[in-house]
Number of protein chains: 4
Amino acid sequence: MLAEFSIIPIGIGESMGDQIAKVVKIVDESGLPYKANPMGTVVEGNWDDVMPIIKKCHQEVIKSSPRVITSVSIDDRPGKPNRIVEKIRSVEKRLGKEVKK
Amino acid sequence: MLAEFSIIPIGIGESMGDQIAKVVKIVDESGLPYKANPMGTVVEGNWDDVMPIIKKCHQEVIKSSPRVITSVSIDDRPGKPNRIVEKIRSVEKRLGKEVKK
Amino acid sequence: MLAEFSIIPIGIGESMGDQIAKVVKIVDESGLPYKANPMGTVVEGNWDDVMPIIKKCHQEVIKSSPRVITSVSIDDRPGKPNRIVEKIRSVEKRLGKEVKK
Amino acid sequence: MLAEFSIIPIGIGESMGDQIAKVVKIVDESGLPYKANPMGTVVEGNWDDVMPIIKKCHQEVIKSSPRVITSVSIDDRPGKPNRIVEKIRSVEKRLGKEVKK
């Protein structure tokens with residue numbers, strides 16, 4: 001499955017770059033395929049691979065914030081591998097051109 | 001923490017009432033505090049209480065659908081109990097009137 | 001269409017009850033059918049009824065916050081009226097019992 | 001503001017590549033800065049630039065689907081330009097390395 005998630009620390013001011021960097025570092029070191037974008041991070045794997053990583057990120061951010069809002073969107077289509085690359089590629093094939101990413 | 005989730009079966013037609021009923025039944029039988037609304041279900045509990053229920057719901061729906069899109073929003077504010085009732089109550093106190101719910 | 005939205009002020013501390021109260025007040029006074037829940041507010045109407053209300057709420061909150069994160073989920077199924085009541089009712093009919101809401 | 005959105009056609013089968021291609025084409029031709037990712041598309045602009053594009057995409061997809069579920073997440077931080085590039089760049093600066101994107 002693909003899962004995009006974002007973690008928003010509340011109560012530490014308007015800047016959250018330090019917390020987002022910690023989250024991306026955890027994902028990068030997890031070994032899961034991932035892609036960071038300006039609004040969240042997409043990872044690919046089974047529920048039991050992906051959810052513990054998101055939990056770890058959430059718990060890392062809540063160490064330094066009194067409140068944390070975490071969003072997760074899952075797109076699960078069993079039997080389709082490498083969708084983290086193939087979904088955009090299939091759009092580009094249909095459009096006959098590269099898209100911005 | 002509070003978690004709102006929705007589970008969307010894809011590839012079984014435009015109606016998903018049977019699947020939503022199965023999801024609400026699982027939540028109702030879980031014993032977790034919950035509130036169903038027209039766009040999702042809010043549950044309250046720790047990460048390790050809430051996430052296995054959402055996983056169970058997701059897996060129930062994927063039995064009968066080739067693709068499932070699940071969204072989860074978590075609001076985690078440690079030390080604040082019974083927020084499933086108190087959040088709306090505090091809004092009503094501020095407004096000096098009941099709101100529709 | 002049904003639209004659930006939530007508006008999160010960032011940079012004003014961990015409590016956001018005052019801002020949520022302002023949002024629910026705007027929705028309540030809009031005349032649109034709505035239901036507030038612990039994680040957001042569901043409204044029903046056309047795109048051009050609903051989106052200006054959400055914009056008004058977002059702009060109200062950004063007056064007093066340096067950063068605002070707003071989420072909107074839309075479920076649009078033309079030709080089905082009063083879904084803000086009927087979606088849950090159809091779940092209850094299937095389950096043969098009332099659910100918590 | 002940054003806005004990430006995704007549009008899910010319901011009732012046309014499990015594949016939605018044709019619809020996603022139409023959405024990305026509309027965004028690409030709009031002239032707004034954007035980045036497509038495997039779970040949605042991020043655009044940058046004012047509310048009144050961004051929302052009509054998302055409405056146009058939603059309406060395009062609903063032409064060919066009996067039901068459409070659209071999600072929008074907005075991160076609005078006035079006075080910070082070019083965040084579609086700068087948010088990830090600031091994470092990379094903190095980590096001292098490039099991240100996958």
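The model is predicted: local features need pLDDT of at least 70, side-chain atom pairs count only at pLDDT 80 or more, and totals for chains, interfaces and linings use all residues. Residues are numbered from 1 along each chain as its sequence is written, and chains are lettered from A and ligands numbered from 1 in the order in which they are written.

**Exercise 1. Find the strand order of the open sheet of 8 strands, and its edges.**

Step 1. Strands (E, at least two residues) and helices (H or I, at least four) are DSSP runs, numbered from the N terminus. Two strands pair if DSSP finds at least two bridges between them.

Step 2. Read the order: E2(A)-E3(A)-E1(A)-E4(A)-E4(B)-E1(B)-E3(B)-E2(B), with antiparallel pairing.

Step 3. Take the ends. E2 (34–37) of chain A and E2 (34–37) of chain B each have a single partner strand, so one side of each is left without a neighbour in the sheet.

Step 4. Neighbouring strands are turned by 15° against each other on average, direction ignored. Axes are lines fitted to C-alpha atoms, for helices over the stretch in contact; angles run from 0 to 180 degrees between N-to-C directions.

Step 5. Inspect one pair. E1 (residues 2–10) and E3 (residues 40–44) of chain B run antiparallel, joined by 4 bridges. There, B:Phe5 has B:Thr41 in E3(B) as its bridge partner.

**Exercise 2. Work out how H1(B) and H2(B) cross.**

Step 1. Their axes come within 10 Å and cross at roughly 150°.

Step 2. Classify the angle. H1(B) is therefore roughly antiparallel to H2(B), a class that takes angles over 145 degrees.

Step 3. List the contact, where C-beta atoms, placed from the backbone, lie within 7 Å. H1(B) residues include B:Val23, B:Ile26 and B:Val27; among those of H2(B) are B:Ile53, B:Cys57 and B:Val61.

Step 4. Sort by class: 6 nonpolar, 2 polar and 3 charged residues. Ala, Val, Leu, Ile, Met, Phe, Trp, Tyr, Cys and Pro count as nonpolar, Asp, Glu, Lys and Arg as charged, and the others, Gly among them, as polar.

**Exercise 3. Describe how chain B meets chains C and D.**

Step 1. Start with chain C. 31 residues of chain B are in contact with 31 residues of chain C.

Step 2. Find the main contributor. H3(B) gives the most to the chain B side, with 8 residues.

Step 3. Sort that side of chain B: 14 nonpolar, 4 polar and 13 charged.

Step 4. Turn to chain D. 8 of its residues are in contact with 8 of chain B. Strands E1 (2–10) and E4 (67–76) of chain D each give two or more residues.

Conventions
Contact = placed C-beta atoms within 7 Å. Parallel < 35°, antiparallel > 145°, perpendicular 65-115°, else oblique.
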